[in-house]
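Here are some exercises for getting to know a structure, each with a worked solution.

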Amino acid sequence: MARKYDWDHALRDAMNSINIEPSLTGYISKGIALCGKGLVPDARAAFDVASMYTDQDSQILHFLLLIKVITLFNADQHDEASLLLKELTTGCPNADTRACRIVEAYLRVQLGLKALDGARHEEAAVHFTAALDCSNLLSKSHIHEIYENLVVLFGWDLKSLWLTAHQKRCDALLWAGTLQDAVRSYHYMMDNIDKTTKASCLEWSKGKSGIRFTEECSALCLTSGDAALAASKYGMAIDLYSAAFDLDSGSHDVFANRSRAKLGEMLWEEALLDSQKVTELNPSSHVGYELMHTALRGAQRYDEAIEAFKIMLSKLDDSPEPQIRDLRQQYVSPSEAEDAIQRVVRIELENAPLRLLNTSTGLLCDRVAQVNAFKMSPEYNELVSFPTKDSNLRAERIKDAVATYFRCVLLSHRWEEMEALLHDIQDKDVRELKGLAGIAKLQSFCEVARGAGYRWAWMDTCCIDKRSNTEVQESVNSMFVWYRHSALTIVYLSDVPSSSEPGALARSVWNKRGWTFQEFVAPKVVIFYQKDWSLYLDDRTPNHKESPAIMKELEDATGIDTRALISFRPGMSNARQRLQWASSRVTTLQEDVAYSLFGIFGVHLPVIYGEKRQNALGRLLQEIVARSGDITVLDWVGQPSEFNSCLPAYVTSYATPPHALPSLSLSEGQIQTTISSLRENPMVVNMALDFYDRLDNTSAARFSNCRLHLPCIVFPVTQVGLSYSTSQETRYEVKADGLDDLLITTKKPIVQFLRTRPNQQTFMLVRPWDRSLLELSDFVDLQDDTENEEDDWVPPSPLDDSPSHSLVKQGVDDPGLRALRLLVRLGQPFGAFLLARQRGGEYKRVASDCDIIAQVKDVVSVRDLMDVRTIEIL
C-alpha cells in the first residue's frame with residue numbers, strides 16, 4: 001500500500017499487523033505510513049519501537065536506520081535525513097557502506113530532479129554529479145536484486161539509477177550553459193555503458209524520448225563558439241567548437257571557424273589540420289586554402305604557404321560566383337610580391353656598401369650574394385607569402401622588413417701596419433682564420449656586431465677590392481652615404497687601453513686621421529670601443545652621440561661644435577668652416593686629404609690616385625667654388641697650389657680662422673649715419689645706383705680648365721717697394737689707386753729688383769666680389785640640398801649675424817638705400833688679393849704670409865670703386 005501512496009490504508013494495515021503480533025515489519029510499515037501522512041514525530045516513535053525487534057543485530061538495525069533515512073527524506077526532512085545517513089556511513093561499525101552509497105545516490109537523484117523541475121540547473125547538476133560520485137561502480141552490480149527490500153518498500157528502480165543520473169546531469173549542464181561539461185558528461189556516459197544500454201541512450205540523445213540533447217548542445221556550442229571567436233576569445237572558441245565536434249561530425253564551416261580560433265592562439269599546426277579538413281569537405285572553396293596559407297606562414301613553412309596561396313588564388317579565379325571572384329582583387333600574387341620586394345631591396349642597397357661580411361656565416365658577400373641570402377631567408381618568404389592588397393600596408397611592411405634585414409654595422413678605425421685585406425678573406429669563414437695579420441680585429445668586430453643583433457658588417461680594409469679602380473671610385477664617393485645609412489658605426493680605439501680615464505679619446509690617433517672625420521659626423525648612431533673591445537668609459541648609452549661627456553670631449557679635441565658632431569649635414573654651406581675642421585687631419589695617401597672630404601661637401605669627383613695632393617685638393621676646392629659660388633675658400637694664408645694660385649697647396653692653410661674685418665661689425669646706426677651724409681650728394685647717389693646694378697649683373701666666380709674666373713673690384717698697383725726688415729721675412733710697400741698704402745709680408749720675393757732696369761711687371765690689388773653685399777634674400781637664404789633632413793645641423797652662414805642679414809629680414813625695397821648701404825660696406829676694410837700679371841695676360845695670385853687688409857681712401861670717390869672686372873687667374 002505504501003508504494004501506492006495510500007497512506008491511510010497503509011497505516012491501518014500496519015496497525016492491524018501490530019495488533020495481531022508486534023513485529024519489526026509492522027512498526028517499519030507504521031513509520032513509513034506516518035511519514036507519508038506528514039506525522040513525522042509519530043513516525044520517529046514508530047521507528048524507535050521497531051528497533052526493539054532487531055534482536056540487537058547490527059545489520060538489521062543498520063537497515064532499519066536506512067529505511068528511516070529514506071522515510072524522513074520522502075517527508076521532506078532532507079537535512080535530518082542527510083545527517084542521519086552521514087552518521088550511518090561513518091559512525092557505525094561493520095556498516096554496509098555500499099547500501100549507504102546507494103541510498104545517498106538515490107536521494108541525490110531525487111534532489112536533482114526537484115531542482116531540475118524548479119529550473120535550478122546548476123544546483124541540479126551538482127546533485128546529479130554527487131549521485132554519480134556515490135554510485136560510480138554500481139551500474140555493473142546487481143543492486144536491484146541485492147536490495148530488493150528497498151525496491152519493495154519504496155518502489156525504487158535501482159536498475160536505471162546510474163543511467164538516469166547521467167542523462168539528467170547532461171540535461172542540467174546543458175540548460176545551465178556549461179556546454180563543455182555537458183559534452184564531457186555525455187561522452188563519459190557513452191563510454192561506460194554496454195551496447196544494449198547505449199542504444200537506449202542514443203535514442204534519448206536524439207530526442208526520441210524527450211530532449212534532443214546532442215542537437216541542442218551542438219547548436220549551443222556552435223553559437224557560443226562563434227560569439228567567442230568574434231570576441232577574440234580564441235581559447236574558449238576552440239573548446240566550444242571541439243565540444244560540438246564531439247557530438248557531431250561537423251561541417252566545413254565549423255572546421256574553418258575552429259581553424260581561425262587556433263590561428264588566433266597561434267596554434268599553427270593544429271590550425272593547419274583543421275584547414276586541411278576544410279579542403280577535404282569543401283574542395284572547391286578557397287577558404288580552406290586561405291586558412292592553410294595562414295597556418296603555414298605562422299609555422300614558418302613558407303614554401304608550402306606560397307603553394308597554398310597560389311591554390312587559393314586559383315580557387316577564387318575559378319569560382320562560379322561573381323562575388324567570390326571579386327575577392328581575388330584583395331590579393332597580389334607571389335610573383336607580384338616578389339617584384340615589389342625587389343624594388344625595395346634595390347633602393348635599400350643603393351645606400352649600402354658593395355660588399356658586406358655576413359656575421360652569421362663569416363663569409364664576405366658581394367651584392368648578388370647579399371640578395372640571394374635574403375631570398376633564402378624566412379624574412380623574404382614571409383613577405384612573399386603576405387597576402388594583403390593594401391598597397392600602403394604592403395609597402396610599409398616590405399620597407400621595414402628589408403631595412404631590418406639589411407641593417408649594417410660599419411667600423412671606423414685607424415689602419416694598422418698590417419690589416420686583413422679582401423684577398424685574405426675571400427671565400428673563407430673569417431671566424432675560422434688564424435695567424436693572419438689584423439684578423440683578430442676583424443673577428444672581434446664581427447663578434448660585437450653579431451652580439452648586437454646585426455647580420456651584416458663592413459670594414460674598409462677587407463670589403464673593398466682595391467685592385468678595381470671602378471670599385472675604389474664608387475667606394476670613395478659613396479663612403480659618407482654608407483656611414484650615414486649605417487644602423488650603427490663602431491669606433492675602435494686601438495690605442496685607448498681598458499679602464500681609461502676621460503681624455504683618452506681626445507688623445508687617440510683616431511681623432512687625427514682624415515677619413516675618421518666623415519666616419520664620425522656621418523652616422524646617426526656611434527659607439528666607441530677601447531683596445532680590448534670594452535665600451536669607452538664604460539658608457540652604456542645606446543648611442544654615444546647622446547653621451548654629453550663623450551661629445552664634450554670630442555668638441556674640445558676637434559673644435560667642431562657638438563651640434564655638428566651629432567647632426568651634421570653634408571653640403572657647401574660655410575665651406576671655409578668645414579675646411580678649417582679638416583685642416584689638422586692627416587692621411588697616409590696624400591690624395592686622401594681631399595678624397596676624405598668628398599662626402600663632407602656632398603660632391604662626387606673622379607678618384608685618381610697618383611695625381612698628388614695639390615691636384616686632388618685643387619679639384620675639390622674648384623668644385624666647391626663652381627657649385628656654390630662661395631669665395632670664402634679663397635681666404636687662406638700659406639703656399640699657393642700648383643693647381644691654381646688662388647687655392648692653397650695644403651689644407652693646413654685653412655687652420656687659421658679668417659681675419660675678423662671691422663666692416664662685419666658695423667652697427668646699423670653707423671651705417672645709417674654714413675648714408676645720411678651720402679644722400680646730400682645726388683651725384684654720389686646716382687653713381688651708387690649705377691655701381692649697384694653693375695655688381696648685381698656680375699656673374700659668380702667659376703673655374704674652367706684649372707683657371708679661376710674671379711669677378712672683383714680692381715685697384716691698380718702704382719708702386720711696389722722693398723721694405724727692409726731685420727727678420728727673415730720680406731716686406732713690400734705697396735701703393736694702389738684709391739687705397740691706403742699697404743705693407744705686405746712674404747717669405748719668397750714677389751719682384752726681382754734690378755737697379756739697372758726698372759720693373760715692368762703689372763700688379764693689382766683686387767677685392768673678390770661677394771654677392772652677399774648686395775643684401776639680396778636669394779643669396780642669404782641659399783641652403784644646401786644635399787640631404788633633406790630637418791634635424792641635421794648646417795654650419796651657420798657668416799651672414800647670419802651681419803647687419804645685411806637683419807636688413808634682409810626687415811625687407812628693404814628702396815633701391816637707392818640698398819645702393820648706398822653697399823657703398824658704405826665697400827668703404828670698410830676688406831681682404832684683398834695681390835695679383836701679378838703674366839706674359840699671356842692672365843694673372844697669378846701672390847701668396848702672403850698674413851692676410852692683406854686693404855682700406856678705401858674715400859668712399860665718396862665712387863669712381864675709385866667702379867673698376868669691376870672678371871679676371872682670369874692661373
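**Exercise 1.** Find the residues that form one aromatic cluster.

*Solution.* Look for F374, Y380, Y405, F406 and W456, which together make up one aromatic cluster. Rings of Phe, Tyr and Trp (its six-membered ring) pair if their centres lie within 6.5 Å; planes under 30 degrees apart count as stacked, over 60 as edge-to-face and the rest as tilted.

Before going on, a word on the model: it is predicted, so local features need pLDDT of at least 70, side-chain atom pairs count only at pLDDT 80 or more, and totals for chains, interfaces and linings use all residues. Residues are numbered from 1 along each chain as its sequence is written, and side-chain values use heavy atoms, leaving out hydrogens and water.

**Exercise 2.** Describe the aromatic pair of W510 and F520.

*Solution.* Start with the total: the whole structure holds 18 aromatic pairs. Next, locate the partners: W510 is in the loop between α27 (504–507) and α28 (515–521), while F520 belongs to helix α28, so the pair ties together parts that are ten residues apart in sequence. (Helices, H or I of at least four residues, and strands, E of at least two, are DSSP runs numbered from the N terminus.) Finally, W510 and F520 are both buried; buried means under 20% relative accessible area, exposed over 50%, and partly exposed in between (1.4 Å probe, protein chains only).

**Exercise 3.** Which parts does the salt bridge of D317 and R328 tie together?

*Solution.* First, the contact: the side chains of D317 and R328 form a salt bridge at 3.6 Å, N to O. The term requires a side-chain nitrogen of Lys or Arg within 4 Å of a carboxyl oxygen of Asp or Glu. D317 lies in helix α18 (residues 302–318) and R328 in the loop between α19 (322–326) and α20 (334–349), so parts eleven residues apart in sequence are tied together.

**Exercise 4.** Over which rings does the charged end of R845 sit?

*Solution.* One is the ring of W636, with the charged end 4.4 Å from its centre. Another is the ring of F833, at 3.8 Å from the centre. Here, NZ of Lys or CZ of Arg must be within 6 Å of the ring centre and within 35 degrees of the ring normal.
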